[in-house]
Amino acid sequence: MRILIITGKLAGEKVKKAVERFGFVDVHIADISVAAFLTPNLIIKEIKTLENKIGKKLKEIYDFVLVTGLIRHDLKKVEEETGVRCFKSTREASDIPILIENLDKITLSTKEYADLQLLEIIKKRCEEEIQKAEDLPLGEGDIKIGNLKVGDSFPMRVLGEIVHAPWLKEKELEEKINYYLESGADMIDLGMVSNEDNTDKIKDMLKIARDLTDNPISVDTLNTKELIEAINLGADMILSVDAGNLEDLIPYLKDAETAVVVLPTNYKINYIPETIEDKVKSLENNIKRLIDAGIEKIVADPILEPVNNEGCNFVESVIACRSFKMRNKIPMFFGVGNVTELFDADSNGVNALLTAIGSEIGANILFTPEASAKCKFSIKELKIASKMMFLSKKRNSLPKDVGFNLINYKDKRFEEEITFKNYSIEVIRAKENERQILDEGSFKIEIDRKNKEIVVIYFNKRRDPILMIRGKTPKEIYETAIRLNLIKKLDHASYLGRELAKAEIALRIGKKYNQDFDLFYNEFWWEGG
């Protein structure tokens with residue numbers, strides 16, 4: 001096999017370096033600065049120039065041509081006019097080696113970049129690797145919660161808590177459960193309400209959950225009456241059992257399949273251990289009483305504390321978790337939400353790091369609600385982080401380049417093409433017009449997060465609502481507005497495009513959108529901040 005890669009001058013050396021170990025790959029640098037400026041006609045011209053130079057048709061030398069860069073045109077015309085097959089490569093030069101190594105597994109395209117196919121191949125391999133572990137039998141200390149295997153032989157499971165579940169209407173609870181499942185939750189936790197008795201609502205909530213999923217369902221409360229009801233109704237797990245209620249619960253747990261999450265506390269007498277050793281010893285004592293009573297499905301929760309917590313702090317609680325797991329072959333609960341919800345930082349990186357800590361200390365269940373706006377997507381983040389850490393641990397590698405990542409808001413590789421320095425032309429400083437002339441109508445832009453759409457309401461001059469445009473992307477919305485002749489002025493068209501782009505970003509990343517205001521408005525983004 002022989003392959004020719006065509007690229008621009010700026011990326012030329014980078015592409016050559018990327019493929020230098022492949023003896024069957026040649027690189028041709030086109031007479032153009034940026035590869036993205038290449039069109040089918042320009043590529044045809046380059047091919048014909050090259051053929052004239054070497055005195056031979058490229059189709060006689062190469063199996064096909066790859067073109068790098070962000071080319072938006074269909075390259076089918078190139079083959080039609082030159083006879084040599086021509087396809088789009090990856091968008092990043094550094095990804096070309098991965099493409100070449102996997103050519104037998106993907107279908108090259110004249111329209112689509114190869115990136116997405118490569119990503120799917122890598123993820124498929126990772127998922128197959130994880131599935132092999134899922135098919136293993138239970139190992140020492142592993143348990144089954146419902147139909148889910150939990151323990152050191154398997155990836156850390158993500159348990160999503162639905163806060164104040166009894167307060168939700170049936171439709172709201174269904175929507176929340178479906179959202180958690182779509183986010184990747186392995187288990188659904190029905191969080192009850194402190195200082196309330198909602199025993200009579202547990203049956204209906206469990207039915208709603210079980211009608212939607214076969215995943216394990218847990219009930220989260222310290223109300224003994226509610227816990228007994230959950231056990232009697234066959235909940236897969238209860239949160240939480242401690243020295244204050246375990247004697248009352250043991251008679252119901254003996255003949256049940258319900259797993260129990262055990263705390264080191266005794267909330268009946270307001271006892272909360274504050275030292276590492278007290279945490280571990282108290283937890284071990286509570287677990288021993290359950291084991292002596294014949295209870296086998298036990299999950300230990302040493303309680304992960306918030307950062308700067310009074311008494312036992314975050315680091316000490318992590319040490320307590322590690323100490324417990326080193327002494328006991330029992331699945332361990334890791335309350336990630338205790339930290340993220342009480343930490344004013346975006347959850348993305350915090351969840352990744354907490355999952356890594358959990359992996360190192362032997363955690364098996366990652367627990368979180370999505371109670372605050374800053375922690376939106378936490379379940380999805382923890383699910384991805386769990387896969388990252390499982391593969392990393394299994395391969396004995398760093399959590400880097402394992403097939404999954406949580407680099408959602410920055411870039412792993414920063415390779416912007418800069419050409420403005422090459423031009424000796426007039427520079428005009430930008431400034432806004434002093435006077436704005438209004439268009440015939442106006443737009444109000446909002447987000448429908450439930451349906452994942454952008455909604456644009458069009459008003460006439462009298463501010464009467466005339467029509468509504470709904471769409472997934474800015475392009476389809478502004479092209480519809482232009483097609484309907486709703487925009488007469490260029491500056492109004494530019495404004496609409498700008499606001500739609502902001503709305504799309506806000507929709508994708510879960511950010512609040514307010515028309516005419518900056519998306520990133522906090523002090524971190526202020527000039528000089």
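## Contacts and the overall picture

A contact means heavy atoms within 4.5 Å. With that in hand, we can look at this predicted model. In the protein chain, 58% of the contacts with a separation of 6 or more are between residues 24 or more positions apart.

The chain has 16 helices and 17 strands, where helices (H or I, at least four residues) and strands (E, at least two) are DSSP runs numbered from the N terminus. Along the principal axes, the C-alpha atoms fill a box of roughly 90 × 70 × 45 Å.

## How to read the numbers

Residues are numbered from 1 along each chain as its sequence is written, and side-chain values use heavy atoms, with hydrogens and water left out. As this is a predicted model, local features need pLDDT of at least 70 and side-chain atom pairs count only at pLDDT 80 or more, while totals for chains, interfaces and linings use all residues.

## Inside and outside

Of the 529 residues, 47% count as buried. Buried means under 20% relative accessible area, exposed means over 50%, and partly exposed lies in between (1.4 Å probe, protein chains only). The accessible surface of the chain comes to about 29,300 Å², and 50% of that belongs to carbon and sulfur atoms; such areas come from the Shrake-Rupley method with a 1.4 Å probe, and for residues only the protein chains shown count as cover.

## Two surface patches

Patches are made of residues with over 30% relative accessible area and no salt bridge, joining like charges within 9 Å and nonpolar side chains (Val, Leu, Ile, Met, Phe, Trp, Tyr) within 5 Å. A salt bridge is a side-chain nitrogen of Lys or Arg within 4 Å of a carboxyl oxygen of Asp or Glu.

Phe37, Ile418, Phe420, Tyr423 and Ile425 make up a nonpolar patch with about 560 Å² of accessible area together. Phe37 sits in the loop between strand 2 (25–29) and helix 2 (40–54), and is partly exposed at 45% relative accessible area. Asp74, Glu79, Glu80 and Glu81 form a negative patch. Here Glu80 belongs to helix 3 (residues 76–82) and counts as exposed, at 58% relative accessibility.

## Two distances to trace

Leu119 lies in helix 5 (residues 115–134) and is partly exposed, at 39%. From Leu119 to Ile231 is 112 residues in sequence and 43 Å in space, C-alpha to C-alpha.

Asn514 is found in the segment after helix 16 (490–509). Asn514 and Ala503 are 11 residues apart in sequence and 8.4 Å apart in space, C-alpha to C-alpha.

Technical notes:
Lys, Arg positive; Asp, Glu negative; His and termini not counted. Charge placed at Lys NZ, Arg CZ, Asp CG, Glu CD.
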